[in-house]
Amino acid sequence: NYRCRSAFKLLEIDDKLQILRPGLSVLDCGAAPGAWSQVAVERVNALGTAYSTPSIQMHAANCPRTRRPDIADPAVPTGFVLGVDLLRISPLEGAVFLSEADIADPRTLRTIQSLLPAEKVDVILSDMAPNATGIKELDHQKLINLCLGLLSLSRSILKPKGTMLCKFWDGHESRLLQNRLKEQFQDVRTIKPQASRKDSAESYYLARLYKGK
Ligand code: SAM
């Protein structure tokens with residue numbers, strides 16, 4: 001059971017474009033209530049409980065001598081998930097949460113760095129959305145600014161060849177964000193998941209192969 005329907009957007013994007021896999025480390029920005037983090041925990045094997053292949057699973061289930069269905073395969077790498085949000089996020093097994101933290105606050109970067117197991121992550125996810133004022137152009141601009149801020153954080157926390165997936169609301173500055181992403185990533189595409197309500201202006205940029213330093 002996912003905490004929020006938004007999980008289906010990430011599942012849909014990941015099924016199609018394979019951004020998450022066992023062993024990767026993920027920063028989930030705007031993580032509350034935690035549905036994307038639930039998906040990330042499963043897909044990167046943050047709990048270390050995955051089996052490597054169906055054949056091993058079959059073997060474990062069918063062979064009486066090795067029947068240990070509760071034993072994970074250590075060959076499947078274990079990933080890591082850190083979720084950050086302005087709001088409080090209820091605990092989730094397999095994820096580390098930094099609640100009541102503003103991603104745009106420079107102090108947050110230092111806290112994030114202190115919580116990561118390595119210096120940098122493989123994937124930055126952002127489903128962040130500012131409180132909508134209802135003034136479309138203003139909301140658009142606020143979200144673009146959040147994404148641009150996140151892009152500048154990438155320099156400190158994203159591994160070379162890493163991935164960034166970020167939500168935006170379409171408007172006149174979308175192209176500016178897209179161009180900035182193109183400067184820093186080799187592959188940038190726009191995604192409009194089926195699971196996003198048809199009436200919303202919400203889309204995602206998926207930026208892959210971070211050029212880094
Ligand atoms: N992906 C989440 C899930 O699946 O549960 C849903 C995210 S919700 C659409 C957007 C979140 O972005 C809100 O919880 C909001 O508090 C958060 N947010 C907005 N601005 C933020 C900021 N500056 N720093 C951190 N989080 C922020």
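Read along the sequence, the protein follows the pattern α-β-α-α-β-β-α-β-α-β-α-β-β, which comes to six helices and seven strands, where helices (H or I, at least four residues) and strands (E, at least two) are DSSP runs numbered from the N terminus. This is a predicted model, in which local features need pLDDT of at least 70 and side-chain atom pairs count only at pLDDT 80 or more, while totals for chains, interfaces and linings use all residues. Residues are numbered from 1 along each chain as its sequence is written.

**Burial and contacts overall**
- Buried residues (20 or more other C-beta atoms within 10 Å of their own, the C-beta atoms being placed from the backbone) make up 34% of the 213 residues in the protein.
- Among contacts (C-beta atoms, placed from the backbone, within 7 Å) between residues at least 6 apart in sequence, 69% join residues at least 24 apart.

**Lys167**
- UniProt, in an unreviewed entry, places the feature "active site" at Lys167, although such annotations may be inferred rather than shown by experiment.
- Lys167 lies in strand β5 (residues 158–169) and is buried, because 22 other C-beta atoms lie within 10 Å.
- Leaving aside residues up to four places away in sequence, Lys167 touches Ser126, Asp127, Met128, Ala129, Glu202 and Tyr204.

**Ser152**
- Ser152 belongs to helix α5 (residues 136–157) and is exposed (12 or fewer such atoms), because it has 11 other C-beta atoms within 10 Å.
- Ser152 and Lys9 are 143 residues apart in sequence and 25 Å apart in space, taken C-alpha to C-alpha.

Technical notes:
Contact = placed C-beta atoms within 7 Å.
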